[in-house]
Amino acid sequence: MSFRLGDSLKSDPWLWLAGLVSAALLLVMNLRDAAQFAALTHGRTIPDSDISSTGESLLALKDYLATKPEAAEVLRTMHLQADLVLPAALTIFLLLLIRRLVPGAIVYGRPAESLLAVMMVFPILYGLADYSENVIGLLLFPPSSPTAASAALLADALSWATRLKFLAATIAGVIIARLLIARLAR
């Protein structure tokens, strides 16, 4: 399999654009937003990156952010700016990349084309989980002020949405790696 960057840019401009936008948004979120949040909260991690969060830890963060409006605003701004676009851009990138790698690949002794529908589920699941995570975060953290019962439900839902997001993204990454290996092996 030969790869030429120029040919790929011409034949897959949407793939490259979605990948570039995703990378740029991830950089903004990790270098700007996460760094500001950590600085304002004495080293705490943004909830979107904390796969080990629990309902209790998220409720504690909610209460802490009530006393740190600047940090709460960083989180809210991230969800309404970079993280508003990232799930769509990354989902599109993963879908296009899988679609690009499938032709001619043999996976588990079968043509990858026959597994395409299943492979596409995981990037879509990632996008849905990431958007769910964002909406739940906006409903849970200040300036929102849910009731105690609602906050407990939102906190539990947020911890599961974060885990599901990372699980789906990881599986999509494994699928892409498997397709790359299959294409290199032919």
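This is a predicted model: local features need pLDDT of at least 70, side-chain atom pairs count only at pLDDT 80 or more; totals for chains, interfaces and linings use all residues.
Residues are numbered from 1 along each chain as its sequence is written, and side-chain values use heavy atoms, leaving out hydrogens and water. Local features need pLDDT of at least 70 and side-chain atom pairs count only at pLDDT 80 or more, while totals for chains, interfaces and linings use all residues.

**Close-up 1. A nonpolar patch sits on the surface.** Trp14, Leu17, Val21, Leu84, Val85, Ile92, Leu96 and Tyr131 make it up, with about 710 Å² of accessible area together (Shrake-Rupley method, 1.4 Å probe, only the protein chains shown counting as cover). Patch residues have over 30% relative accessible area and no salt bridge, and nonpolar side chains are joined within 5 Å; a salt bridge would be a Lys or Arg side-chain nitrogen within 4 Å of an Asp or Glu carboxyl oxygen. Helix α5 (82-101) gives the largest share, 4 residues. Helices here are DSSP runs (H or I, at least four residues), numbered from the N terminus. Ile92, in α5, is partly exposed at 44% relative accessible area (between the cut-offs for buried, under 20%, and exposed, over 50%).

**Close-up 2. Helices α5 and α6 pack roughly antiparallel to each other.** The angle with α6 (residues 116-140) is about 175°, and the axes are 9 Å apart. Axes are lines fitted to C-alpha atoms over the stretch in contact, with angles from 0 to 180 degrees between N-to-C directions; over 145 counts as roughly antiparallel. Contact (heavy atoms within 4.5 Å) involves residues including Leu84, Val85 and Leu94 of α5 and Met119, Tyr126 and Tyr131 of α6.

**Close-up 3. Asp33 of helix α2 is buried.** Its relative accessibility is 3%. Leaving aside residues up to four places away in sequence, Asp33 touches Val28, Val74, Met78 and Ala82.

Technical notes. Patches are made of residues with over 30% relative accessible area and no salt bridge: like charges are joined within 9 Å, nonpolar side chains (Val, Leu, Ile, Met, Phe, Trp, Tyr) within 5 Å. Helices (H or I, at least four residues) and strands (E, at least two) are DSSP runs, numbered from the N terminus. Buried means under 20% relative accessible area, exposed over 50%, partly exposed in between (1.4 Å probe, protein chains only). Angles under 35 degrees count as roughly parallel, over 145 as roughly antiparallel, 65 to 115 as roughly perpendicular and the rest as oblique.
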